[in-house]
Amino acid sequence: MATKRLRFGWAWLLLLGSGCAPKQAPVPPPAPPAPPPKQSLVVLLPDPEGKPGGISVTNPAGTETLSQPYQAVRVERSDTAPTAPFAMDQAEVRRVFGAVLDGLPAPEVVFTLYFGEGSEALLPESQAQLPAILNAIRERRATAISVIGHTDTTADPQFNYRLGRRRAQGLADILRARGVDSSDLFVESHGDTDLAVQTARGVAERRNRRVEVIVR
Amino acid sequence: MPASRTACWLLVLSGLTFPVLGAENVVGSVKAAQGGAVVRRGADSIPAREGMHLLLNDILQTSADGLLGVILQDGTRISIGPNTELKIDRFLYEPAEGKFGLLLRLGRGVLAYISGKIAQFSPDSVTVETPVGVLGLRGTHFAVSIEGI
């Protein structure tokens with residue numbers, strides 16, 4: 001009986017989940033004090049490239065749209081409508097979000113290297129970019145490096161897919177030989193599906209014969 | 001991993017015209033980890049560390065002193081603050097096939113976000129679900145804090 005009671009007491013402690021649980025025998029728990037109304041907050045911030053942006057905030061009780069930088073809405077619960085958008089003070093944005101905003105990683109860096117017609121060999125001026133690529137990988141301690149091969153539209157799509165793949169693989173091999181971990185290299189081919197310069201089929205275009213190296 | 005790489009090559013050689021993603025379907029990587037920060041993957045809870053690869057369905061979780069900075073494979077940048085839980089629920093980035101999608105579920109805490117190429121290619125395909133509502137993003141930079149949940 002005593003142990004049963006004891007166990008009961010522990011259950012209450014757990015239920016209350018706070019340091020101020022009553023030590024006496026079970027009594028109905030007091031109604032929890034009404035918490036202050038806490039509100040979630042969504043704020044739109046200036047696009048780093050200055051492009052216009054927007055956010056819609058939707059729940060079963062309503063929708064609001066933010067369309068200007070530093071516009072914000074508060075939402076209390078999923079069943080209460082978001083407030084009307086209001087202008088948030090920049091200092092207040094810093095106060096609430098400073099740590100996470102400072103924690104945003106640097107943007108990825110993209111290098112584009114070019115190839116001769118139908119060739120898997122890098123053009124000399126592109127070869128010269130290799131040190132900059134390796135440097136970016138080292139500086140950023142990048143572990144996710146995409147190497148994406150592309151071609152022009154000279155040959156058929158299947159051939160181009162494979163050529164793009166060989167171009168990318170060749171470059172990945174060079175990076176690996178210079179110390180980049182192969183598990184950090186993500187090799188892809190987009191063949192002729194993602195042209196830098198739009199052309200008709202069967203057009204040799206230097207700017208489309210490329211490998212993009214994306215360092216994150 | 002060598003096995004999947006071989007499989008990768010076999011697919012390529014068999015004339016498949018779709019890009020085959022990196023061996024393990026990596027969706028992103030950790031750029032910074034501070035304090036208590038873990039990645040929950042299935043039943044595992046892995047301490048988050050810089051450079052770690054992230055997979056689909058990973059849940060990023062921080063304690064009271066935790067911070068995590070992450071970059072996804074499309075260039076989307078994410079930062080989460082203390083006491084936060086964020087799941088990478090959907091990540092689809094296949095430009096060659098025109099397939100795009102990103103769904104993040106913010107269970108609690110604080111999130112800052114700068115959009116990447118998924119939002120650039122397909123502005124309506126990025127969504128953040130929170131306990132108080134759904135955020136539809138149009139290629140942009142924002143922050144959200146979830147309180148009182």
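Let's start with how chain A folds back on itself: of its contacts with a separation of 6 or more, 57% are between residues 24 or more positions apart. Keep in mind that this is a predicted model. Chain A has 216 residues, and 33% of them are buried. Its parts list is five helices and nine strands, and from the N terminus on they come in the order α-β-β-β-β-β-α-β-α-α-β-α-β-β.

**The four-stranded sheet in chain A**

- Four strands of chain A make an open sheet in the order β6-β9-β7-β8, and their pairing is mixed.
- At the edges you'll find β6 (109-114) and β8 (185-191) of chain A; each has a single partner strand, so one side of each has no neighbour in the sheet.
- Going from one strand to the next, the twist averages 20°.
- Inside that order, β7 (residues 145-150) and β9 (residues 210-215) of chain A run antiparallel and are joined by five bridges.

- Helix α4 (residues 130-140) of chain A lies across β6, β7 and β9 of chain A, and runs at about 20° to β9(A).
- Helix α5(A) lies across β6, β7, β8 and β9 of chain A, and its angle to β8(A) is about 155°.

**A closer look at α5(A)**

- After α5(A) comes A:G179, which has a positive phi, near 105°.

**Where chains A and B meet**

- The contact involves 50 residues from chain A and 48 residues from chain B.
- On the chain B side, the elements giving two or more residues are β1 (26-34), β6 (67-72), β7 (77-80), β9 (99-114), β11 (133-138) and β12 (141-146) of chain B.
- Sorted by class, that side of chain B has 23 nonpolar, 20 polar and five charged residues.
- Strands pair across the two chains as well: β2 (residues 54-59) of chain A and β11(B) run antiparallel, joined by five bridges.
- In that pairing, A:T58 has B:V134 in β11(B) as its bridge partner.

Key: Residues numbered from 1 in each chain as written. Chains lettered and ligands numbered in written order. Predicted model: local features only at pLDDT ≥ 70, side-chain atom pairs only at ≥ 80, totals over all residues. Pairing = 2+ DSSP bridges. Axes fitted to C-alpha atoms, helices over the stretch in contact; angles between N-to-C directions. Contact = placed C-beta atoms within 7 Å. Nonpolar A, V, L, I, M, F, W, Y, C, P; charged D, E, K, R; others polar. Buried ≥ 20, exposed ≤ 12 C-beta atoms within 10 Å, placed from the backbone.
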